[in-house]
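Work through the exercises below with the sequence and the coordinates at hand. Each task is followed by a worked solution.

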Amino acid sequence: MTSRPITGTTLLDVNGLQKIYQSGGRSVEAVRDLTFGVGTGELVCIVGPSGSGKTTLLKCIAGLMGATSGEVVLEGDRVTGPPAGMAVVFQEYGRSLFPWMTVRQNVELPLKEKRIRKPERQRLVREALDAVGLGHVGDSHPWQLSGGMQQRVAIARAVAYEPQILLMDEPFAAVDAQTRADLEDLVLTLWKRLGVTILFVTHDIDESVYLGQRVIVLSSSPTVVMAEVAVDLPGERDQLTTRSEPRFAELRSHIYTLIQQAKEGRRPDATA
Ligand code: ADP
Ligand code: MG
């Protein structure tokens with residue numbers, strides 16, 4: 001199970017990223033040294049133990065928080081604040097949608113901020129809601145919808161924005177198993193149809209293998225990259241067939257072993 005070098009153009013580069021938090025007079029080195037790239041059109045998953053700095057990493061990539069050292073480069077430009085070509089979907093859909101706005105207004109808001117004209121906005125909102133199967137609830141308010149539907153609204157909002165890269169931070173951790181499987185397939189469908197680049201963070205090993213073309217495994221905090229695993233499964237994924245393939249099981253146990261080692265404090269050989 002070798003790492004696969006990135007082919008094609010690199011859209012996102014994370015170079016020697018380090019993040020030290022200052023809290024209560026103490027320094028906490030959450031992330032020590034992360035270096036990896038994401039190619040244009042790739043779907044890359046990041047897995048790591050809880051507390052390994054996954055959210056920290058994503059916030060630095062999204063320009064929501066400065067790094068202590070190192071840099072994030074998107075299409076050759078160093079990220080110093082939220083880049084125009086990026087959209088983020090967080091785990092807490094309940095907190096990410098505005099309850100006083102309708103579903104349609106929620107999806108439309110970032111497009112207004114992007115100064116897209118009204119007819120174009122209306123088209124993008126309609127297409128995004130249709131794409132996530134919510135064309136019929138545009139006039140509802142988020143609190144009238146189930147958790148899974150709310151998360152689909154958040155995905156529609158990100159998709160309507162037409163980002164170059166979509167960051168997702170454990171977006172399905174709070175929904176039930178059946179909804180989760182549906183949302184995973186929705187992400188795969190949108191990824192294929194729109195050709196968007198996706199960086200998907202999860203602590204769920206199976207989810208990372210099911211979705212990813214490549215899985216980056218993080219060590220425990222202070223975090224470095226433990227390993228990069230190419231997911232050499234067929235491109236067409238299907239909840240039943242893919243998950244019952246012997247290769248799926250092999251990849252899952254390989255990553256499981258790496259995560260167990262990470263939890264025990266093992267570092268990759270280069271930094272041991
Ligand atoms: P993950 O998303 O992988 O669970 P986080 O990025 O949330 O990990 O956290 C990584 C480490 O950084 C943890 O030890 C956490 O306690 C610490 N941390 C996260 N946010 C802060 C903060 N604002 N101040 C201080 N420490 C933080
Ligand atoms: Mg997190």
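Residues are numbered from 1 along each chain as its sequence is written, chains are lettered from A and ligands numbered from 1 in the order in which they are written, and side-chain values use heavy atoms, with hydrogens and water left out.

**Exercise 1.** Find where pLDDT stays under 50.

Step 1. pLDDT is the predictor's confidence in each residue, from 0 to 100. Its average over the chain is 92, and 96% of the residues score at least 70.
Step 2. The stretch under 50 is residues 1-6, with 15 contacts (heavy atoms within 4.5 Å) beyond four places in sequence.
Step 3. Where pLDDT is low, the predicted coordinates should not be read in detail.

**Exercise 2.** Describe the shell around ligand 1.

Step 1. List the residues with a heavy atom within 4 Å of the ligand. Those surrounding ligand 1 are Tyr21, Ser23, Ala30, Pro49, Ser50, Gly51, Ser52, Gly53, Lys54, Thr55 and Thr56.
Step 2. Sort them by class, with Ala, Val, Leu, Ile, Met, Phe, Trp, Tyr, Cys and Pro as nonpolar, Asp, Glu, Lys and Arg as charged, and the others, Gly among them, as polar.
Step 3. Look for backbone N or O atoms by the ligand's oxygen atoms: Gly51 has one at 2.7 Å, Lys54 at 2.8 Å and Ser52 at 3.2 Å.
Step 4. Assign elements from DSSP runs (helices H or I, at least four residues; strands E, at least two; numbered from the N terminus). Strand 1 (10-23) and helix 1 (54-61) each give two or more residues to the shell, and helix 1 has the largest share, 3 residues.

**Exercise 3.** Which domains does the assignment give, and how far apart are their C-alpha centres?

Step 1. The bounds, from an automatic or database domain assignment, are 10-85 + 165-270 for domain 1 and 95-162 for domain 2.
Step 2. The C-alpha centres of domain 1 and domain 2 lie 25 Å apart.
Step 3. Domain 1 brings 12 residues to the contact and domain 2 brings 10.

**Exercise 4.** Locate the cis peptide bond and the positive phi of a residue that is not a glycine.

Step 1. Ser221 and Pro222 are joined by the cis bond, with omega about -5 degrees. Pro222 sits in the loop between strand 9 (214-218) and strand 10 (223-230).
Step 2. Glu75 has a phi of about 50 degrees and belongs to the loop between strand 4 (69-74) and strand 5 (77-78).
Step 3. Most residues other than glycine have a negative phi, and most peptide bonds are trans.

Note on methods. This is a predicted model: local features need pLDDT of at least 70, side-chain atom pairs count only at pLDDT 80 or more; totals for chains, interfaces and linings use all residues. A polar contact is a pair of N or O atoms within 3.5 Å; within protein, one must be able to donate a hydrogen and the other to accept it, and residues adjacent in sequence count only if both atoms are side-chain atoms.
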